[in-house]
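Take the sequence and the model side by side. The tour below goes from sheet pairing to the chain as a whole.

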Amino acid sequence: MTRSCVYKLRRYLGAFFLALAAAPVFGEDAPQSPPPATAETAEVDTAYVVVNGKGLFQVRGVSAYPAKARAAGIASRIEALAKDTAFDPAKLIVATKDDRTSIVADERVIMTVLEEDAVLEGVQKQILAEVYRNKISDVIGAYRHDRQPKVIMVNALYAVAGSAILVGLVFAVIFLFRRILIVLERRVKQRVESLEAKSVHIVQAQQVWSLLRGGVKLIKVLLILVLVYIYISTVLGLFPWTRWFASNLLNQVVNPLRDIGAGFIDYLPKLFFLIILILLTRYALKLTRMFFSAIANNRLTFSGFDAEWSWPTYRIVRFIVIAFAVVVAYPYIPGSSSAAFQGVSLFLGVLFSLGSTSVIANVVAGYTMTYRRAFKVGDWIKIEDVMGEVVEIRMLVTHLRTFKNEEVVVPNSKILNTEIVNYSSMARNKGLI
């Protein structure tokens with residue numbers, strides 16, 4: 001996949017998720033949430049003035065006065081006017097003095113409309129100030145109305161009714177899908193079993209039924225989640241203190257999915273590299289196994305290299321190939337450059353090095369004995385007070401069978417540091433005294 005294709009696919013997915021985040025739910029009016037930042041405003045320091053749980057308008061920040069702090073100050077002054085019941089919103093005026101356009105209430109400056117704000121909105125500064133004044137006047141009236149005890153009580157009753165409706169709908173969905181599963185099991189399962197008999201058990205009826213049952217359950221869960229989302233968005237939107245969260249609830253759900261999708265698109269080149277590396281490593285290991293298998297079966301011989309060394313040497317080469325592939329793949333693993341990933345890797349490395357001292361010693365001893373030709377499978381040997389036939393040589397231990405048909409497991413590290421008496425090595429050619 002070329003870089004241009006990746007860029008186009010990422011742009012299309014981003015546009016899809018943005019459209020999904022901005023769409024209204026089930027024909028309801030879309031909540032008044034701030035629109036996503038465009039390419040022109042993405043690099044500009046802007047923030048929304050949020051009053052009564054709604055975003056009124058966005059303002060632009062300057063180097064000495066960031067947009068977030070400016071928006072918070074404007075919102076606090078508007079809320080102070082709304083809490084002052086003696087103030088009449090009709091007294092808001094737009095005043096121009098010394099080339100400064102401000103919105104004033106009883107000689108108190110609520111906000112100053114900057115030239116940058118007008119450039120951001122693409123209108124003249126005087127027209128923008130009139131629009132802002134009307135919005136502030138409307139939100140003051142809504143602020144006072146939404147906090148009246150009667151309105152809060154009515155909205156609380158709506159919330160209780162909505163909770164009851166949600167519980168009823170959830171139980172109805174559960175009951176409905178339970179009936180659907182019963183009907184499917186009665187009508188579809190028998191057909192699937194007959195299909196299994198006709199296909200000579202190529203199609204497994206239980207697997208098909210489990211897949212169908214899982215799909216029905218997934219649809220049920222998604223439907224319940226949609227009902228819960230509508231309930232939360234509606235109930236939280238009834239109260240001014242939670243309205244802003246309700247209006248951004250869909251964005252809170254969609255934004256992580258959009259980030260995951262964009263991250264996956266960005267990761268595709270590295271993913272293709274890892275897939276190719278895994279395939280190359282797999283075929284390299286297959287060729288290596290074929291090579292050492294030919295040596296073990298005496299189809300391929302080398303002077304000075306015994307056939308019994310083939311599989312231990314193969315395991316060493318396999319470890320080297322896999323370790324090299326892991327080292328090459330490490331920078332392409334997701335999160336490998338993060339401090340958390342590196343910390344966990346370091347912790348596991350220290351833990352492994354402290355807890356595997358004896359294991360590594362036995363492995364080294366096992367390979368050392370193999371290449372020393374101390375003994376092989378079928379030899380009769382004596383290690384300290386144990387005498388028996390070598391049944392199996394493993395990476396960590398060696399298995400002996402004594403005259404009494406007892407199996408003795410001896411660690412390889414102990415064999416490496418102990419005298420070994422081999423009764424079979426000389427007896428093959430010269431006999432045993």
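Two strands count as paired when DSSP finds at least two bridges between them. Keep that cut-off in mind for this predicted model.

Start with β3 and strand β4, which spans residues 100-105. How many bridges join β3 to β4? Five bridges do, and the two strands run antiparallel.

Now widen the view. The strands β3, β4 and β5 make an open sheet in that order, with antiparallel pairing. Which strands stand at the edges? They are β3 (93-97) and β5 (108-113). Each has a single partner strand, so one side of each lacks a neighbour in the sheet. Direction ignored, neighbouring strands of this sheet are turned by 35° against each other on average. A helix also packs on the sheet: α2, residues 67-83, touches β4 and β5. The direction of α2 makes about 145° with that of β5.

Move on to strand β6, residues 380-383. In general, strands of a sheet pair through backbone hydrogen bonds, in either a parallel or an antiparallel sense. β6 pairs with strand β7, residues 386-393, in the antiparallel sense over four bridges. β6 also pairs with strand β10, residues 420-422, again antiparallel, here over three bridges. I381 takes part in both pairings: its bridge partner in β7 is G388, and its bridge partner in β10 is N422.

Next, look at the side chains. In a regular strand they alternate between the two faces of the sheet. Which residues of β6 lie on the covered face, and which on the uncovered one? I381 and I383 are on the covered face. W380 and K382 are on the uncovered face.

Finally, step back to the whole chain. The protein chain has 13 helices and ten strands. Buried residues make up 30% of its 433 residues. Among contacts with a separation of 6 or more, 57% come from residues 24 or more positions apart. The accessible surface of the protein chain is about 28200 Å². Carbon and sulfur atoms account for 64% of that surface.

Notes. Residues are numbered from 1 along each chain as its sequence is written. This is a predicted model: local features need pLDDT of at least 70, side-chain atom pairs count only at pLDDT 80 or more; totals for chains, interfaces and linings use all residues. Side-chain values use heavy atoms; hydrogens and water are left out. Buried means under 20% relative accessible area, exposed over 50%, partly exposed in between (1.4 Å probe, protein chains only). Axes are lines fitted to C-alpha atoms, for helices over the stretch in contact, and angles run from 0 to 180 degrees between N-to-C directions. Contact means heavy atoms within 4.5 Å. Accessible areas come from the Shrake-Rupley method with a 1.4 Å probe; for residues, only the protein chains shown count as cover.
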